[in-house]
Amino acid sequence: MPQTLSATEFLKAPGVILDVRSPAEYAQGHILGAKAFPLFNNEERAQVGTCYKQQGREQAVELGLALVGPKLADFVSKAKALAPERQVRLHCWRGGMRSGSMAILLETAGLNVSVLTGGYKAFRGWVRTCLQVPKPLVVLGGMTGTGKTMILTALAQQGEQVLDLEHLANHRGSSYGALGLGPQPSTEHFENCLATQWAKFDPQRRVWIEAESRRVGICRLPEELFAQMEQSPILEVNRSRTERVEILLAEYGSAGTEALIAATQRIKKHLGGLRAQQAVELIRQGNPDAIHLVLDYYDKAYRYDLQRRSVPIQSVDVSGLSAEQSASCLIERANQCQF
């Protein structure tokens, strides 16, 4: 019989992870590194579900067998190609018939199979539990254009533990944050990514995280993590307005005019009608002064957020410094403050 494992055991076990749920379920969220290995495609899953509701379990099982039967040999050959060492971990939604049936097939074909008890639903429980575990956070603050993302990368390169929310969400966090990037993950999968990274951190060492609102684009931060961020000390980086404009030009300068205008229009209510109109006209002219108008709004919002916090805040001037130099300064300050 295939071995059954808890979520913690399953994640640590050897072998490729095969997710036998439908493509739509996989796209909504999955275990990092898992391969899509659907027993049913989206249409077939819907057919079986409808049959179960209208005719009962026995008829649904018979329909499932009829749909899966012609695919059995293909399943085996694909699994062997994905797992040359013949070690496979399997899961479906709740650890039911889909993973059980696939496990029996692959074990019969000579593979060593482990099944996740409770399926993906159990993994989602592990995600929630994992994110509740506190870690010593240091929040990296700073106004828009201070290069926080580049500094986080440099901190990681210098051996610090870093949770890069914008990287995991595939979004830079502002109205302009999606420019030049691909689609974002669902909030569910964003949480999966966060928890997987969170579980790897040494609980005795600090974790750097960028100051963010509750949402990064469409991805919503888990309440457990956001609450920790709200209570953690802040190291704020400062740069001159000129440097910040240069950084933003380098980051967004290649974006198309219409995309920049659309992003500006999304914050029209906050900018004010006249300022928004001026910014749009400057963008059409290719005039970087548009950035100054937009920064006025973002700076005001940032100051408001900073003032409402009741946590230690240390400022570090990184004007003229590279990301690597800035990271070194921040590490030194964090050590001095015993963060």
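Reader: How many disulfides does the structure hold?
Author: The model is a predicted one. A disulfide requires two cysteine sulfur atoms within 2.5 Å. The sulfur of Cys130 has its closest cysteine sulfur, in Cys193, 12 Å away, which is too far for a bond. The count of disulfides in the structure is zero.

Reader: How far from Cys219 is the nearest cysteine sulfur?
Author: Cys219 takes part in no disulfide. Its relative accessible area is 0%, so Cys219 is buried. The nearest cysteine sulfur belongs to Cys193, and the distance is 8.7 Å.

Reader: Is Cys130 buried or exposed?
Author: A residue is called buried when its relative accessible area is under 20%. The relative accessibility of Cys130 is 10%, and therefore Cys130 counts as buried.

Reader: How many helices and strands does the chain have, and what part of its residues is buried?
Author: The secondary structure comes to 17 helices and 12 strands. The C-alpha atoms fill a box of roughly 70 × 45 × 35 Å along the principal axes. Of the 339 residues in the chain, the buried part is 47%.

Reader: Which element gives the largest share of the largest nonpolar core?
Author: The largest nonpolar core has 39 residues, and Leu163, Phe190 and Trp198 are among those with the most contacts inside it. Elements that give two or more residues to this core include helix H1 (7-12), helix H7 (119-131) and helix H16 (289-307). The largest share, six residues, comes from H7.

Reader: How far apart are the end C-alpha atoms of H10?
Author: Helix H10 covers residues 187-200, and among its buried residues are Phe190, Cys193, Leu194 and Trp198. At 1.5 Å a residue, its 14 residues should span 20 Å. The model agrees with this expectation, because the end C-alpha atoms are apart by 20 Å.

Reader: Which residues of S8 are buried on its two faces?
Author: In a regular strand, side chains alternate between the two faces of the sheet. In S8, both faces are covered. The buried residues are Val207 and Ile209 on one side, and on the other Trp208 and Glu210.

Reader: Which residue of S8 is the bridge partner of Val162?
Author: Strand S7 (residues 161-163) pairs with S8 in the parallel sense over three bridges. S6 also pairs with S8 in the parallel sense, over four bridges, and there Leu140 stands opposite Glu210. For Val162, the bridge partner in S8 is Trp208.

Reader: At what angle to S4 does helix H6 run?
Author: S4 belongs to an open sheet of five strands in the order S1-S5-S4-S2-S3, with parallel pairing. Strand S4 (residues 87-91) pairs with strand S5 (residues 112-116) over four bridges. Helix H6 (residues 97-108) lies across strand S2 (16-19), S4 and S5, and its angle to S4 is about 165°.

Reader: Which residues does Ser174 touch, not counting residues up to four places away in sequence?
Author: Ser174 lies in the loop between H9 and H10. Its relative accessible area is 19%, so Ser174 is buried. Beyond its sequence neighbours up to four places away, Ser174 touches Tyr252 and Tyr298.

Note on methods:
Residues are numbered from 1 along each chain as its sequence is written. This is a predicted model: local features need pLDDT of at least 70, side-chain atom pairs count only at pLDDT 80 or more; totals for chains, interfaces and linings use all residues. Side-chain values use heavy atoms; hydrogens and water are left out. A nonpolar core is a set of buried Ala, Val, Leu, Ile, Met, Phe, Trp, Tyr and Cys residues joined through side-chain atoms within 4.5 Å. Buried means under 20% relative accessible area, exposed over 50%, partly exposed in between (1.4 Å probe, protein chains only). The expected span of a helix is 1.5 Å times one less than its number of residues. Contact means heavy atoms within 4.5 Å. Two strands pair if DSSP finds at least two bridges between them. Axes are lines fitted to C-alpha atoms, for helices over the stretch in contact, and angles run from 0 to 180 degrees between N-to-C directions.
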